[in-house]
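Here is a friendly walk through one protein model. Keep the sequence and the 3D view open while you read.

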Amino acid sequence: MVDIIICEDNPVQRKFIQNCIENYIIEQDADAYIKVSTDDPDEVFQFVKNNNNYPKIYFLDINLNQDINGIELATKIRDLDTTGKIIFITTEGQMLPLTFEYMLEATDFIEKSTPENIRDRIQKVLSCIFKRLNSVEEKMIEIKIGSEIKFVPLKQIMFFETSPISHKLILNLTNDKIEFYGKLKDITNLSDDFIKVHSSFVVNKNSISSIDYKNFEINFINDQKCFASRRFIKNLKQI
């Protein structure tokens, strides 16, 4: 599921944007919901702060007539959500360079012109986002950590391993590790990209850089490595 957030100070334009998105969701049967539609940037920030379960798409006006503008709001969002898709919809076309200056990685910048153009651009950007979310490059893996569901980009996952702490697993990411309660046998059910290579290791096949069949070692693109057993290493020959 994907959360969609709209922040636009003009109520007529906000309703129009909302209708465009809702029509797309219905027509494409997209697994997405508009969770926030408001003129208050703080309402957006509080929602993002307290809801990190699902991937998010943000439609932000730049001139919000509030204490902060849309670019400043996007900066605050980026501090909490590094993978969310940000789309600016605005009359302030000259503000486009600032989105690069602030390194916001905006997905699109839609100028308010005709309703037809806005509707068309919204549909195109949503189609692009959902296509990428379903690809290997942007695929998100749903992992239950404690009482929360965390969505982790597949491309950041190297491998899972059993923890020295009973009933816990360690998720090895590109630049981080997450420890959580779980069973290794359940991990392979999360994605066809996960392959069991040892009684203590499940790897993401897309993150493997090389395999040392002689020493039963698997090397990953971030220079980490794990062991494979003689029994399971044959599974990797099918990659």
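Strands β8 and β9 make a hairpin with five residues between them, and H167 in the turn has a positive phi of about 70°. Strands here are DSSP runs (E, at least two residues), helices are DSSP runs too (H or I, at least four residues), and both are numbered from the N terminus. This is a predicted model, in which local features need pLDDT of at least 70 and side-chain atom pairs count only at pLDDT 80 or more, while totals for chains, interfaces and linings use all residues. Residues are numbered from 1 along each chain as its sequence is written, and side-chain values use heavy atoms, with hydrogens and water left out.

**Around the hairpin**

β8 covers residues 157-162 and β9 covers residues 168-173; the two pair in the antiparallel sense over five bridges. Two strands count as paired if DSSP finds at least two bridges between them. Within this pairing, F159 stands opposite N172 of β9. β8 also has a link to strand β12 (residues 201-204): three bridges join them, and they run antiparallel. There, F160 stands opposite V202 in β12. Is β8 mostly covered or mostly open? It is mostly covered, with five of its six residues buried. Buried means under 20% relative accessible area, exposed means over 50%, and partly exposed lies in between (1.4 Å probe, protein chains only).

For a contrast, look at S147, which sits in the loop between β6 (140-145) and β7 (148-153). S147 counts as exposed, at 77% relative accessibility.

**An open sheet**

Further along, three strands form an open sheet in the order β13-β14-β15, with antiparallel pairing. β13 (208-212) and β15 (225-227) stand at the edges with a single partner strand each, so one side of each has no neighbour in the sheet. Four bridges hold the antiparallel pairing of β13 with β14 (residues 217-220), and I208 has F220 in β14 as its bridge partner.

**The annotated aspartate**

UniProt, in an unreviewed entry, places the feature "modified residue: 4-aspartylphosphate" at D61. UniProt positions are given in the numbering used here, feature names are shortened, and annotations may be inferred rather than shown by experiment. Where is D61 placed? It is in the loop between β3 (56-60) and α3 (70-80). With a relative accessible area of 5%, D61 is buried. Leaving aside neighbours within four places in sequence, D61 is in contact (heavy atoms within 4.5 Å) with C7, E8, D9, G70, I89, T90 and K112.

T90 belongs to strand β4 and is buried, at 0% relative accessibility. With neighbours within four places set aside again, the contacts of T90 include D61, I62 and K112.

**The nonpolar cores**

A nonpolar core is a set of buried Ala, Val, Leu, Ile, Met, Phe, Trp, Tyr and Cys residues joined through side-chain atoms within 4.5 Å. The largest one has 24 residues, and I21, I57, F59, I87, I122, L126 and F130 touch the most other members. Two or more residues come from each of β1 (2-7), α1 (11-28), β3, β4 (85-90) and α5 (115-133). The largest share, seven residues, comes from α5. Another core, of 18 residues, lies apart from it, and I5, C7, L73 and L104 are among its members.

**Charged pairs**

Side chains of opposite charge can pair when their charged atoms come close. A salt bridge is counted when a side-chain nitrogen of Lys or Arg is within 4 Å of a carboxyl oxygen of Asp or Glu. By this rule there are seven salt bridges, including those in the table.

| Pair | Closest N and O atoms |
|---|---|
| D3 and K56 | 3.6 Å |
| E8 and K112 | 2.7 Å |

D3 lies in strand β1 and K56 in strand β3, so their pair ties together parts 53 residues apart in sequence. D3 is buried at 2% relative accessibility, and K56 is buried too, at 4%. D3, K35 and K56 are linked in a network of salt bridges.

E8 is buried, with a relative accessible area of 2%, and K112 counts as buried at 18%. In the remaining table row, R121 counts as partly exposed at 24% relative accessibility, whereas D108 counts as buried at 19%.
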